[in-house]
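Please look at the sequence and the structure below before reading on. The text after them goes through a few places one at a time.

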Amino acid sequence: MRIGVSGTHGTGKTTLVGELCARLPGHVAADEPYVLLEDDGYEFGFPPSAEDYQAQLARSVQLLRSSGPDVVFDRTPVDFLAYLAAQGADADVDPAVLRPAMAGLNLLIILPVTVETEQLLPAAELPQLRHAVNNALLDLVYADPLQAWADVLVAELDGPLDRRCATALAALPAPLRRQVRPSAGG
């Protein structure tokens, strides 16, 4: 199955991706587009520019379109649409390309900023941007202005951090839940 994990920076996406891969036999984590672009020699500004987010958006769409069947994605195009929206920049994305890429997901997990993420996770850089992206992401996910993920199951995980993996797995349709390994704790 294919799962995308989205959220602003500092919400525990990478940790959840690792936990999901540990519980889903044969699944691999897809690195986030920032890492892939950096590995290719792309140089990001700090803070990243609209062009930097546009490059990540394009790589994210490409990654969704070219990856195999058993992947957990650390970020999806929704993330970069939210970063662009938070900066007041237009996204240069063709909905006809975005729709099939997003439609390949079985589950889109949203990790919002919560009181618990603020208290338990390390302080994130650029806190104003973080909150603006969080709000833009939630607006985008539920409004779906590009009509790109209407048929994708969405699970917003705003509960306890230590229950996120179990909550995400419980959100899967029953036939897909049969693939899940029991947790190490039982």
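What follows covers a pair of helices, then another helix, then a loop residue.

This is a predicted model, in which local features need pLDDT of at least 70 and side-chain atom pairs count only at pLDDT 80 or more, while totals for chains, interfaces and linings use all residues. Residues are numbered from 1 along each chain as its sequence is written, and side-chain values use heavy atoms, with hydrogens and water left out.

Two packed helices are described by the angle between their axes and the distance between the axes. For helix α4 (residues 77–86) and helix α7 (residues 127–143), the axes come within 8 Å and cross at roughly 120 degrees. This angle makes α4 oblique to α7 (under 35 degrees is roughly parallel, over 145 roughly antiparallel, 65 to 115 roughly perpendicular, and the rest oblique). On the α4 side the contact (heavy atoms within 4.5 Å) includes V78, L81 and Y83, and on the α7 side it includes L129, V133 and L140. By class, this contact has 13 nonpolar, no polar and one charged residues.

In helix α8 (residues 164–171), R164, C165, A168 and L169 are buried, that is, under 20% relative accessible area with a 1.4 Å probe and protein chains only. They lie on the same side of α8 because they cover an arc of only 130 degrees around the axis. These buried residues pack against α1 (13–23), β4 (107–110), α6 (115–120) and α9 (174–177).

The loop between α6 and α7 holds L126. Its C-alpha atom is separated by 8.1 Å from that of P47, 79 residues apart along the chain. Leaving aside residues up to four places away in sequence, L126 touches H9, F46 and P47.

Terms used: Buried < 20%, exposed > 50% of the residue type's maximum accessible area, 1.4 Å probe, protein only. Helix = DSSP H or I, 4+ residues; strand = E, 2+ residues; numbered from the N terminus. Arc of directions from axis to C-beta. Axes fitted to C-alpha atoms, helices over the stretch in contact; angles between N-to-C directions. Nonpolar A, V, L, I, M, F, W, Y, C, P; charged D, E, K, R; others polar.
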